[in-house]
Amino acid sequence: MTDIQRCEIRPGRLVEWTLHPTVVEAATGLPDDSRPPAYVQESHIRTSRSVREDGLFVPTWLGAAFDMPGRVDLDVLQGALRAWTLRHETLRSGFRWVGDEMRRFTLDADAVALHREDIGDFPDAAVLTRYLQDRFDVTADALTWPNFIFTAVVRGDGTSVYMAFDHSNVDAVSIQRIPGEIHELYAAGLLGRAVDTAPVASYVDFCATERTDADRINATHTIVARWREFIARCGGRLPNFPVDLGLVPEGPLPTQRFMHEMLVDDADAMAFEAYCRPYGGSLVGVLAAIGLIVREINGLQVYRTVVPFHTRVKSRWTNSVGWYVGAAPIEIPVARAQDFDSALVMVRAALRENRPLAQMPVARVLRLLGSDFRPTSPDLYSIVSFVDARGIPGSERWQELKARGLIRVSYGDQVCVWLTRLHEGVQFACRYPDTDIAYKNMRLCAEGLRELIISVVRQPLAVPKT
């Protein structure tokens, strides 16, 4: 995961694909689709509208970037992009407002057509990078539809593809699958053959099922009670990252900065994984380590955070594009941890107890709590995410193809940390408020995490205690 400024974009001729204007016009007359938005979609779009009404435009798109070596046939690439779009119903499904209600509409698959436009040559990489970011901000916007765009920078020795989507349509796993799928479809197109793939389950169907299940609970449900208690112990708010971020109380939403680096190599990552496996794996190890690090920074007694988990609990959703993410609150009494092993035990117990809460959308819980969680920030809470991407098809070629997941960094008062297990090691990425003290403390966290991992895996004859 990275931002577009770190993609090493090279000069070339820019080509764009969007839904054809006639398709967009036809969509205005579509009837309502009875399938409702997912709670996470509705929360995201309402938050974007609320922040916009407060006078701030906050881009929230995610994207994918990857290279296609050699001379590329743009007609075949366009066919691959259209075929990929047809696989994933959420991309041809949008929302319209009727009063204060969000109603879905969905294009039929056979109505989808892409419009290609040759934008022109960009001899300056910096100018091209700025153009792409500005274009993505406007086109992949939560409050517009369609809210995705495909682009290609064409050169004599190859083509770089850059794609952007509003977050309501995609999560990290969705965008990580894109390079392999587009390469597969393109290769098949060159040979004039169809790709033999099973039908991809629709995220729109998932939204309807998840919402039906979520609407069955009420304010007396155990999950709601546990969130209520957690929020009360956080002072009535969902938690931010527990270090000083230099925020001005009641001040304007700050701009953010981005931090991105390889934390440890494959050998150290494998050793850390092996050490943590008896306790539940690397996620447990990362959370235990961060708890100890923030205790060291500010004397924290209890580390409280919200942990994202995927909601692709059935195999049918594995290949589907959508926002399949839930969240669970955890509390780790780090003041009582005598060493890393004891912190691992605490985290393992907390995750075992609370992970089931992630199957209930947080937005549904907050609505039932009846508290005033009027969103003033694009992020409801801080996260620490760990994803092992080595099982994603084609991930072994990501370095060769310069494949990246893209994160838009703009405004926000929360810290979001993404740790990604790649074939080459563990990558650390985070966005955080652009203040000197936040930078200092997030550097301490990144360096402390690296040092702790290395100290654990390189200690003589390290044998984890169960």
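Q: What makes Q359 a contact partner of H310, T311 and V313?
A: In this predicted model, Q359 touches H310, T311 and V313, leaving aside residues up to four places away in sequence. Contact means heavy atoms within 4.5 Å. Q359 is found in the loop between α10 (340-354) and α11 (362-369). The C-alpha atoms of Q359 and A327 are separated by 7.6 Å, with the two residues 32 apart along the chain.

Q: Why is Q359 called partly exposed?
A: Its relative accessible area is 36%. Buried means under 20% and exposed means over 50%. The value for Q359 lies in between, so Q359 is partly exposed.

Q: Why does H183 count as buried?
A: H183 has 16% relative accessibility. The cut-off for buried is under 20%, so H183 counts as buried. H183 is found in helix α5. H183 touches F66, D67, M68, P69 and L401, again not counting residues up to four places away in sequence.

Q: Which residues of α3 and α5 meet?
A: From α3, the residues are V76, L77, A80, L81, A83, W84 and R87. From α5, they are I178, E181, I182, E184, L185, Y186, G189 and L190. The contact divides into eleven nonpolar, one polar and three charged residues.

Terms used: Residues are numbered from 1 along each chain as its sequence is written. This is a predicted model: local features need pLDDT of at least 70, side-chain atom pairs count only at pLDDT 80 or more; totals for chains, interfaces and linings use all residues. Side-chain values use heavy atoms; hydrogens and water are left out. Helices (H or I, at least four residues) and strands (E, at least two) are DSSP runs, numbered from the N terminus. Ala, Val, Leu, Ile, Met, Phe, Trp, Tyr, Cys and Pro count as nonpolar, Asp, Glu, Lys and Arg as charged, and the others, Gly among them, as polar. Buried means under 20% relative accessible area, exposed over 50%, partly exposed in between (1.4 Å probe, protein chains only).
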